[in-house]
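Student: I would like to learn how to read the features of a model like this one. Where do we begin?

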Amino acid sequence: MSRVYPVKGSAALLARLLREEGGLAFLTQFVDGVIRPEDPRVAATSLRAMARRLPRFLPRYQRGLLRLGSWASHLLPGLVVAFARRAVRLMVSHLVVDATPDRLGPALERVRAHGHRLNVNLLGEAVLGQAEAARRLERTAALLNRPDIDYVSLKVSAAVAPHSPWAFADNVAHIVDTLRPLLRTARDADGAFINLDMEEYRDLDLTIAVFTALLDEEEFATLSAGIVLQAYLPDSMGAMVRLQKWAAARVERGGAPIKVRLVKGANLSMERVDAEIHGWPLATWHSKVESDAHYKRLVDYSLVPERTRAVHIGIAGHNLFDIAHAYLTAKERAVSDGVDFEMLLGMGEHVARAVSQDVGPLRLYTPVVHPREFDVALAYLVRRLEEVASKQNFMSSLYDLDTNSAAFELERSRFVDSWDVARQPAEPTHRAAPTAIAGDPAHGFANAVDRDPSVSANRDWATKIFAKAPSSTAGTAILESAQVTTAARLDEHIAAAQGGADGWHTLG
């Protein structure tokens, strides 16, 4: 007998809002204009401006409340803005859990009531200093020490202060030293599980290097841990192969298996910005169908008995066609014991409950944040809302598949298209050491392309230069020919260059 799992409460309200044309733009504008500003007067001004042109898709009662709040904000801006912020928090309460110590336990228990297991992630802004990094690490350790939490995720970029990407070996050593106490906490907390997350392409090699270096240490030989790979990166297949070989050797020595959580990827906007700023090729695939195809390649490569023995796989996502494909593949190849199915908390709860009836308990990625720091959750929330609203994403059809045959057919055809692409050979990477370092002179002046420290060949190039620096005599002949023999003489040349008409000078 088929079961029906209705969409209720704030999830239903948010889903209706995001399905409307302009719904995401309105919500994003509200977050940026009313929720983010620290000064309530600035937020109130934005609220009044928005209230003058409210979209018709909002329910009548919501439009009425916003207009009432707009009028009241002239007299009581602080109170009105506080109410608006609370309303937004309630609207997304199914996506983020309150991390207040006395509320966290009951909130997690409610999620587990449906039989799900949890992957708890402490949300936060980008770490800008050592004090914030230490605080984030301390709070993550506190989560691990709770008896009701046995699985946490964190990014290496959230555990350490900003570092030079060129000092790769030093960074790995420093991060390993920083995370070692956290792994000891996990080991001593009855084998709690730590998952190293990642969002940006530039952290791919770094995260893998830290992960393998830590688990190669003798004291962690029997500790299982996890890492994330993003299918929208062509490089993820090479990374998977490296992890498989390393993990197989670790298990052969008597070590514990690891887990790789496979995701599609959720940082596309920033990857595009980063590539544009530096003049680099886009690190991700250029289309959704290519990303979906690569996800299938990774599933096909990983779900075989000789590999799941050392590397368990987390199938993370909400695309029902991909979930079914992975589930049936695992059953057919008799590797179901090495596969977990994972979803995001609050994203299609009705679907999660239905899927768990077939695949068993799900692992829910569960973001937690303290109400006083709700602002730090906004970046995460906006990414999630973009997924629901994007017409290219399966999430945009998630609430219509059972009633709209056209939506079902669209997603079925997308699955078939990506299946066909998956059979074709894939590029190993979009990033490589550049063959040229400047723009084409025929098209006018162009800055030299930045060297990408995410590429190992570029890091090796920089390391060799650094190693030669102490004994290098490069540049001395130019200095001598220009009669630069003192610091004062060098200052004169620099001043002359700065004052030149065209700004371009050479010594002498």
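Tutor: With the naming of elements: helices (H or I, at least four residues) and strands (E, at least two) are DSSP runs, numbered from the N terminus. This is a predicted model, in which local features need pLDDT of at least 70, side-chain atom pairs count only at pLDDT 80 or more, and totals for chains, interfaces and linings use all residues. Residues are numbered from 1 along each chain as its sequence is written, and side-chain values use heavy atoms, with hydrogens and water left out.

Student: Which helix gives the most to the nonpolar patch?

Tutor: Helix α4 (residues 60-72) does, with four residues. A patch is made of residues with over 30% relative accessible area and no salt bridge; like charges are joined within 9 Å, nonpolar side chains (Val, Leu, Ile, Met, Phe, Trp, Tyr) within 5 Å. Areas come from the Shrake-Rupley method with a 1.4 Å probe, and for residues only the protein chains shown count as cover. Here Tyr61, Leu65, Leu68, Trp71, Leu75, Leu76 and Leu79 make a nonpolar surface patch of about 850 Å².

Student: How is a salt bridge defined, and how many salt bridges are there?

Tutor: The rule asks for a side-chain nitrogen of Lys or Arg within 4 Å of a carboxyl oxygen of Asp or Glu. The count comes to 28 salt bridges. One of them joins Glu217 to Arg180, with the closest N and O atoms 2.8 Å apart. Glu217 is in the loop between α9 (204-215) and β5 (226-230), while Arg180 is in helix α8 (residues 168-188), 37 residues apart.

Student: Is Arg180 buried or exposed?

Tutor: Buried means under 20% relative accessible area, exposed over 50%, and partly exposed in between (1.4 Å probe, protein chains only). Arg180 counts as buried because its relative accessibility is 17%.

Student: Which residue forms a salt bridge with Asp322?

Tutor: Lys296 does, the closest N and O atoms being 2.8 Å apart. Asp322 lies in helix α14 (residues 320-332) and Lys296 in helix α12 (residues 288-302), so the pair ties together parts 26 residues apart in sequence. Both Asp322 and Lys296 are buried.

Student: What lies within a single helix?

Tutor: Arg412 and Glu409 form a salt bridge, and both lie in helix α17 (residues 405-422), three residues apart, about one turn of the helix. Arg412 is partly exposed, at a relative accessible area of 34%, and Glu409 is partly exposed at 37%.

Student: Which residues are linked in a network of salt bridges?

Tutor: Arg117, Lys259, Arg261, Asp340 and Glu342.
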